[in-house]
Amino acid sequence: MNFLDKLKQFRDYEEQLKWEGTFADYLELVKKNPMIAQSAHSRVYQMIISAGVSEKDGHKHYHFFDGQIYGLDEAIERLVEEYFHPAARRLDVKKRILLLMGPVSGGKSTIVTMLKHGLEKYSWTDAGAIYAIKDCPMHEDPLHLIPPHLREEFFQETGIRIEGNLSPLNAMRLEKDYDGHIENVPVERIFLSEDKRIGIGTFSPSDPKSQDIADLTGSIDFSTIAEYGSESDPRAYRFDGELNKANRGLMEFQEMLKCDEKFLWHLLSLTQEGNFKAGRFALISADELIIAHTNETEYKTFISNKKNEALHSRMIVMPVPYNLKVSDEEKIYEKLISESDVASVHIAPHALRTAAVFSILTRLKESKSRGIDLIKKMRLYDGEIVEGYNAADIKELRHEFPDEGMSGIDPRYVINRISSAIIKKGVPSINALDILRSIKEGLDQHPSISDEDRARYVEYIALARREYDELAKSEVQKAFVYSFEESAKTLMDNYLDNVEAYCNSNKIFDPITGDEVDPDEKLMRSIEEQIGISENAKKSFREEILIRISAYARKGKRFNYKSHERLKEAIQKKLFADLKDVVKITTSSKTPDETQLKRINEVIARLVDEYGYNTTSANELLKYVGSLLNR
Ligand SMILES: Nc1ncnc2c1ncn2[C@@H]1O[C@H](COP(=O)(O)OP(=O)(O)OP(=O)(O)O)[C@@H](O)[C@H]1O
Ligand SMILES: [Mg+2]
């Protein structure tokens with residue numbers, strides 16, 4: 001019901017936005033709001049910035065791409081600043097074909113799709129409104145009706161530059177139907193739509209033998225030639241190629257360099273003069289943004305061919321590398337999983353992160369100049385603080401390999417491996433180890449990985465696993481302690497009692513046996529050794545602590561285990577070390593006794609309630625950490 005209401009609401013809204021009038025009416029609209037007459041390039045740019053721009057660390061972030069594209073801020077900033085913005089201002093780049101060049105599954109198509117969908121939506125807004133000569137198959141810009149000799153004057157009056165000539169079809173209609181009276185030509189508001197082929201086009205190369213240039217520029221309509229008498233009558237031509245249909249908006253040229261040469265040459269005049277040739281007509285002006293994409297290998301082959309020089313100089317090549325940040329890679333996987341039919345599967349904490357660590361490692365290049373290992377480099381790129389390195393180092397590292405991010409494992413591969421792991425396991429729960437295993441198995445079947453890379457990747461799987469091991473261990477240890485603070489306090493009180501007795505050469509009262517006993521040297525040493533206090537230094541350390549306690553007492557302050565930085569460290573380490581045995585025994589016992597069982601259940605409950613596991617993944621985690629600690 002609700003849904004049907006919405007449908008009706010939308011229809012009403014559509015009705016409301018429709019506009020139709022004469023060219024004279026349209027001129028009034030333009031005078032009031034010159035933005036409706038902006039070029040396609042300008043519209044794309046306005047659309048992007050209207051979604052918001054923020055600045056961080058001297059880099060711009062364009063919110064238009066939020067939620068779909070992660071970790072490509074720099075590539076996008078470049079794209080906007082070196083192409084969209086200058087093109088919007090009618091600078092020369094506008095005439096060039098925009099070529100996105102990057103590795104497979106690096107987000108090129110996603111960027112183009114976002115622009116297409118964005119434009120569709122934008123054309124429904126006031127700011128993005130577009131008008132066209134009514135019933136024109138190319139949705140021609142009504143301002144093309146203004147004859148060239150009046151355009152300078154029009155510019156003086158309105159500030160709008162008119163580019164492009166009236167198309168042959170509309171020129172004929174103007175003469176035949178409106179007697180040359182441009183003010184009477186009907187104009188309508190249009191709404192861009194890929195489905196309806198209004199202002200959005202897609203061209204993808206197919207078999208060069210069967211593909212016809214008509215797919216790009218339209219073709220003669222043989223059924224109407226008889227009616228109009230001649231092939232050069234524009235009414236006997238179907239302006240239904242992708243270039244025609246994408247006029248006023250955007251055309252995606254998929255895998256452009258896979259395309260037959262004759263198609264590419266066709267684009268030459270388009271890129272030079274902003275027009276293209278169709279049938280036997282004068283050149284047709286095109287107001288559209290052409291975005292093509294390709295991968296690096298094809299691009300290199302293309303530019304190495306001298307014959308392509310002319311075309312090459314008419315392209316703007318923008319690199320779209322892989323994301324290089326672990327946290328963003330994780331978001332990409334989350335997005336892809338949420339869109340897939342395995343969205344309901346439980347993914348254990350750190351599982352996607354671990355896969356992301358692996359992926360990023362395959363994309364990074366080992367620094368030659370900075371003596372930094374890959375893991376540290378990975379952390380730095382992800383915005384973590386790494387001792388000994390600062391922002392300037394990151395910049396330097398980034399510049400060391402301009403093509404970093406152009407190779408490595410692609411996100412789609414990882415997602416495929418995750419899906420296959422889920423299916424194979426048959427349990428609706430998957431963890432980091434399942435994913436790493438699946439990634440490893442998949443490497444053998446991967447057709448485009450060299451043996452050398454495969455060996456390297458196997459090493460990275462081991463590195464990613466080591467990163468995960470640390471996370472897994474500390475998570476379990478934390479979950480084992482009911483109250484970490486309380487345990488720390490008890491241990492410290494015990495230590496201080498013994499230290500006091502030791503320094504004063506006293507005995508200590510054993511609450512269990514009721515005997516007076518010597519201070520527990522073993523206990524004290526087990527704590528001190530955690531922070532490397534030697535046998536020779538123990539006495540002064542203990543005295544120092546007593547002095548600190550009395551200083552606190554004099555000031556009326558309570559001494560706790562956090563009052564002494566090194567003591568605090570020692571206590572924490574000792575707790576973890578003690579725990580190690582409990583965790584080890586509890587988690588690895590094949591036949592846990594009653595207390596162990598109780599403990600295990602408590603820990604699992606805590607992992608589920610506080611750490612985001614489910615019972616399956618929590619049990620798996622415990623088992624794994626048990627095996628780690630037993631190594
Ligand atoms: N940086 C990224 N941010 C968000 N999603 C990404 C990113 N890179 C890749 N993806 C996702 O990975 C999948 C593949 O990306 P996409 O199809 O856009 O790549 P492509 O560069 O066009 O690849 P191909 O060369 O194979 O055509 C998509 O679902 C895309 O959303
Ligand atoms: Mg693609």
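Axes here are lines fitted to C-alpha atoms, for helices over the stretch in contact, and angles run from 0 to 180 degrees between N-to-C directions. Everything in these views comes from a predicted model.

**View 1. Helices H14 and H15 cross at roughly 120°.** Here we're looking at H14, residues 326-338, and H15, residues 351-363, whose axes come within 8 Å. Angles of 65 to 115 degrees count as roughly perpendicular and those over 145 as roughly antiparallel, so H14 is oblique to H15. The crossing of these two helices is right-handed.

**View 2. A closer look at who touches whom between H14 and H15.** On the H14 side, the contact is made by Val 326, Glu 329, Glu 330, Tyr 333, Glu 334 and Ile 337. H15 brings in Leu 352, Arg 353, Ala 355, Ala 356, Val 357, Ser 359, Ile 360 and Arg 363. Sort the residues of this contact by type and you get 8 nonpolar, 5 charged and 1 polar.

**View 3. Strands S1, S6 and S5 form an open sheet.** The 3 strands sit in the order S1-S6-S5, with antiparallel pairing. S1 (20-22) and S5 (130-133) are the edge strands; each has a single partner strand, so one side of each is left without a neighbour in the sheet. From one strand to the next, the twist averages 35°.

**View 4. Zooming in on S1 and its partner S6.** S6 covers residues 186-190 and runs antiparallel to S1, with 3 bridges joining the two. Look for Glu 20, which stands opposite Glu 188 in S6.

Notes. Residues numbered from 1 in each chain as written. Chains lettered and ligands numbered in written order. Predicted model: local features only at pLDDT ≥ 70, side-chain atom pairs only at ≥ 80, totals over all residues. Heavy atoms only, no water. Helix = DSSP H or I, 4+ residues; strand = E, 2+ residues; numbered from the N terminus. Parallel < 35°, antiparallel > 145°, perpendicular 65-115°, else oblique. Left-handed = near helix turned anticlockwise from the far one by under 90°. Contact = heavy atoms within 4.5 Å. Nonpolar A, V, L, I, M, F, W, Y, C, P; charged D, E, K, R; others polar. Pairing = 2+ DSSP bridges.
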